[in-house]
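Please look at the complex shown here and work through the questions on its contacts that follow.

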2 protein chains.
Amino acid sequence: MSDITTNFNDRTIEYEQLLNDFKVLLKKNALKFTIQREVILETLYDSDEHLTPESLHNLIQEKFPDLKIGIATVYRTLSLLEDSSMVTSLSFGAQGKKYELGAKDHHDHLICTECGSITEFVDEQIEHRQHKIADELGFFMKDHSMQIYGICKLCQQT
Amino acid sequence: MSDITTNFNDRTIEYEQLLNDFKVLLKKNALKFTIQREVILETLYDSDEHLTPESLHNLIQEKFPDLKIGIATVYRTLSLLEDSSMVTSLSFGAQGKKYELGAKDHHDHLICTECGSITEFVDEQIEHRQHKIADELGFFMKDHSMQIYGICKLCQQT
DNA sequence: GTCGCTGCAAAGTCTTTGCAGAGAG
DNA sequence: CTCTCTGCAAAGACTTTGCAGCGAC
C-alpha cells in the first residue's frame, strides 16, 4: 500500500518541474502565466485531497487572503489543466466533480459511500492489465481511472 | 472480449427476474409499482447504451408516445434505482451522468474522448485484484467501476 | 379510502459566458 | 502597446422540489 518514493526535497523539485511544464504548456498555446494560475496549481499540488472547484477556491482564499480570485477563474483554470491532462477529475455520488493533480503517481480510488472519504491505492497488476486491454482493442490509452465503492473500515464499525 | 453468455430466452428470464427484484424492493419500502417505474426499468434493460436522464426520457417518449412521462419522474426513479444499487452511474467529461443497469454482467469501460463512444470489456484478472485489494484494506466493497480514457480505433484513423 | 406517485413549473445547484478594465509579454 | 485574463454578474445547463390531482394497494 505504501508508495512513499518522495521526500520533501524531491517534492520541491517535483513541483518546480510541474510548474515548468505548466509554463511550457502556456507558452506553447500563447497563453499567459498569471498569479491566479500559479496559485491554483500550487494549491492543487499542496493538497492531498480531491478538491471540488468550490473547495479549491475556499482553500486559496484562506491561504492567500489578499488575492481576490473568482470562482470563474478556478473553473477556467481547472478546465485548462484538465484539457492538457495535468489534472484529472473524478465524479461520483450526487455532487459535482473533484479534481486532483495528474502528475502525481498514478493511483486508483476506494470511495466510501457512507462518509465520502477517498483512499488511494496502486496496483501494478491492474495497471498492467489495463495497458494490455487497451492495446488489444486498438485503443490509444491516454488515461484511466478506477474506483471501488463500498464502506470503509471506520464506517463499518459504526 | 466476447462475453455472450445470454441468448434471447435467457434475456427474457433475466428481465423477469430483474422486474421481480424491483417489485420486491418496492414492496419492502412500501413504495408503489407504477407504469412509469416499469417503463423506465424496461427501457434501461432494453438499451445497451449508457443513458443520460434526458436520453432515457426521449427513448421512452419514442417507444411509448401515449404515456406522458415527466423528466422529473425519470430523475426520481433513477435515484431510487441507484440508491438500491440496481443501476450504476458513470460520469465523465463535461456532461452529466450516464446510467446503466447494474444487473447485467459486470464490465468496465473504454471511453473515447474524441467521439464519446463507450466500449465495454470484462477482465477476470482485474476483477479478482479489485476484490483482493478491498479485502486487504478492510473495505467492504459494494461496487466498482473502471474507465480507460483514450482514442478509439475509429477516431485514430481520422 | 389512504397515502404515495406523477406532471408541471418553479426553485436550486453547479458551471459557463459576456464584458470592461487590469496585466502579462 | 496588444491581446489575453480576471472578477463580476448574468445566463445556462442540469437536478430537485412543492403542489394538487391521480392512481396503486
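A polar contact is a pair of N or O atoms within 3.5 Å; within protein, one of the two must be able to donate a hydrogen and the other to accept it, and residues adjacent in sequence count only if both atoms are side-chain atoms. This is a predicted model, in which local features need pLDDT of at least 70 and side-chain atom pairs count only at pLDDT 80 or more, while totals for chains, interfaces and linings use all residues. Residues are numbered from 1 along each chain as its sequence is written, chains are lettered from A and ligands numbered from 1 in the order in which they are written, and side-chain values use heavy atoms, with hydrogens and water left out.

Q: How many residue pairs are in polar contact between chain B and chain A?
A: The contact (heavy atoms within 4.5 Å) takes 34 residues from chain B and 34 residues from chain A. With both residues required to be at pLDDT 80 or more, the count of pairs in polar contact between the two chains is 6.

Q: Which element gives the largest share of the side of chain B that touches chain A?
A: Helices (H or I, at least four residues) and strands (E, at least two) are DSSP runs, numbered from the N terminus. The elements of chain B that give two or more residues to this side are β3 (108–112), α5 (124–136), β5 (140–151) and α6 (153–156). The largest share, 12 residues, comes from β5(B).

Q: Which residue in β5(B) stands opposite A:F140?
A: Two strands pair if DSSP finds at least two bridges between them. Strand β5 (residues 140–151) of chain A is joined to β5(B) by 11 bridges, and the two run antiparallel. Within β5(B), the residue opposite A:F140 is B:I151.

Q: What area do chain B and chain A bury between them?
A: Buried area is the accessible area (1.4 Å probe) that two parts lose on being put together, summed over both. Carbon and sulfur atoms carry 61% of it, and the total is about 3,100 Å².

Q: Which side chain of chain A meets B:D123 in a salt bridge?
A: A salt bridge is a side-chain nitrogen of Lys or Arg within 4 Å of a carboxyl oxygen of Asp or Glu, and the rule finds 2 across the interface of chain B and chain A. At 2.3 Å, N to O, the side chain that meets B:D123 is that of A:R129.

Q: What share of the atoms of DNA strand C that come within 4 Å of the protein is sugar and phosphate?
A: A residue is near a strand if one of its heavy atoms lies within 4 Å of it. Of the 19 residues around DNA strand C, A:Y75, B:R37, B:K68, B:I69 and B:T73 come nearest. Sugar and phosphate account for a share of 75%.

Q: How far does a polar side-chain atom of B:R37 lie from a phosphate oxygen of DNA strand C?
A: A polar side-chain atom of B:Q36 lies 3.1 Å from a sugar or linking oxygen of DNA strand C, and a backbone N or O atom of B:G70 lies 3.0 Å from a phosphate oxygen. For B:R37, the distance to a phosphate oxygen is 2.7 Å.

Q: What is the distance from the side chain of B:Y75 to a phosphate oxygen of DNA strand D?
A: Among the 18 residues that surround DNA strand D, the closest are A:L31, A:K68, A:I69, A:T73 and B:Y75. For an N or O atom in the side chain of B:Y75, the distance is 2.2 Å.
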